[in-house]
Amino acid sequence: MEVLEESVNEFNSPDRSLRSRRTDLSENEDKADYLRQLANELRMSGYLLQALETFRRALLMNPKDGWLIFEYARCLHSYASLERNPNLLRRANAALRLAELRTDQDTNLLARIGETYFQYGDWKRSGKAFYKTLSLAENSFRSLRGLAEIALREGKIAHVIHHFSSLSYFTKNNALKRWAESENEYFSRLNGDEDYMEAELTRINWLESIERKKRGILRFSLLTLVIVLFGVLFSETVANVGWTAAFVSIIIWLGLILSQGLLSERCPFIEMED
């Protein structure tokens with residue numbers, strides 16, 4: 001473990017000796033691919049420190065592989081977030097930008113990088129990566145969907161409609177086409193029908209209110225458990241009050257879950273037309 005922690009220290013700050021050793025090693029793509037697969041298995045199993053060391057060794061053998069740099073950047077970002085290390089976080093973001101430079105016009109990798117930027121909250125870089133992907137392949141499903149998500153968060157409904165319309169036009173998968181068409185219809189209705197938008201906003205506000213009430217009921221349930229424990233130790237009357245309160249809170253909790261399930265569905269178009 002001490003050796004692995006020293007290895008992570010090399011990610012904290014630039015290591016010129018590490019760079020110089022790269023030129024002395026002959027590239028062995030097969031071994032680098034094996035190490036890359038092993039590193040991803042370690043990452044998925046939760047062994048982030050071991051995965052980082054494996055990625056480091058793979059990068060020494062094949063430092064220009066865009067996919068390898070991208071997967072290493074994601075692993076390093078996960079470890080940095082877990083350790084709350086801002087230096088490692090900056091290194092992870094730099095590695096992700098390096099992976100973007102090493103895509104070699106691989107549209108699938110470029111779209112995945114755009115999704116990662118979006119996941120990390122960098123919408124500006126995410127949009128640039130998606131547009132770069134579309135300049136190479138205009139029918140990139142991931143990029144069109146990503147741009148629609150960005151436009152939605154920026155409140156640009158017209159852009160959302162445009163991207164979903166393009167998505168339904170380009171995609172050849174019937175299930176994805178139906179989904180894109182339904183999304184396009186939904187946001188078109190929101191954009192053109194004020195009554196429908198008001199109904200949807202009301203539904204969403206109710207959902208948020210239910211979620212807040214669920215958290216309140218959860219805290220109340222924990223309090224009832226304390227009351228029951230106190231009553232078991234000191235007073236049977238207090239215990240009965242605690243059990244009654246716990247039973248009532250469970251009933252309310254179930255009612256809120258049922259209500260949330262009913263409100264999770266979007267308002268149907270037919271009802272609004274009536």
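Biologist: What should I know about the numbers before we start?

Modeller: This is a predicted model, so local features need pLDDT of at least 70 and side-chain atom pairs count only at pLDDT 80 or more, while totals for chains, interfaces and linings use all residues. Residues are numbered from 1 along each chain as its sequence is written, and side-chain values use heavy atoms, with hydrogens and water left out.

Biologist: How many residues does the largest nonpolar core have?

Modeller: The largest nonpolar core has 31 residues, and Phe70, Tyr72 and Ile113 have the most contacts inside it. A nonpolar core here is a set of buried Ala, Val, Leu, Ile, Met, Phe, Trp, Tyr and Cys residues joined through side-chain atoms within 4.5 Å. Buried means under 20% relative accessible area, exposed means over 50%, and partly exposed is in between (1.4 Å probe, protein chains only).

Biologist: Which helices supply at least two residues of this core?

Modeller: Helices H3 (29–44), H4 (48–61), H5 (66–83), H6 (86–101) and H7 (107–119) each do. H5 gives the most to this core, with 10 residues. Helices are DSSP runs (H or I, at least four residues), numbered from the N terminus.

Biologist: What lies apart from it?

Modeller: Another core, of 18 residues, lies apart from the largest one; Leu134, Ala148, Phe164 and Tyr186 are among its members.

Biologist: Switching to charges. How many salt bridges does a search of the whole structure find?

Modeller: The search finds 11. The criterion is a side-chain nitrogen of Lys or Arg within 4 Å of a carboxyl oxygen of Asp or Glu.

Biologist: What does Arg36 meet in a salt bridge?

Modeller: Its partner is Glu71, at 2.8 Å from N to O. Arg36 lies in helix H3 and Glu71 in helix H5, so the pair ties together parts that are 35 residues apart in sequence. Arg36 is partly exposed at 22% relative accessibility, and Glu71 is buried at 11%.

Biologist: And which residue does Arg266 pair with?

Modeller: Arg266 forms a salt bridge with Glu183, with the closest N and O atoms 2.9 Å apart. This pair links distant parts of the chain, 83 residues apart: Arg266 is in the loop between H13 and helix H14 (269–273), and Glu183 is in helix H11 (residues 174–192). Arg266 is partly exposed, with a relative accessible area of 35%, while Glu183 is buried at 10%.

Biologist: Is Arg189 buried or exposed?

Modeller: Arg189 is buried, with a relative accessible area of 16%. Its salt bridge is with Asp193, the closest N and O atoms being 3.0 Å apart.

Biologist: Now the surface. Which residues form a nonpolar patch there?

Modeller: Phe247, Val248, Ile250, Ile251, Ile252, Leu254 and Ile257 form one, with about 630 Å² of accessible area together. Patch members have over 30% relative accessible area and no salt bridge; like charges are joined within 9 Å, and nonpolar side chains (Val, Leu, Ile, Met, Phe, Trp, Tyr) within 5 Å. Areas come from the Shrake-Rupley method with a 1.4 Å probe, and for residues only the protein chains shown count as cover. Phe247 sits in helix H13 (residues 236–263) and is exposed at 55% relative accessible area.

Biologist: Last one, the backbone. What is phi of Arg84?

Modeller: Phi of Arg84 is near 55°, a positive value in a residue other than glycine. Arg84 lies in the loop between H5 and H6 and is exposed, at 76% relative accessible area. Gln105 also has a positive phi, near 60°. Gln105 is in the loop between H6 and H7.
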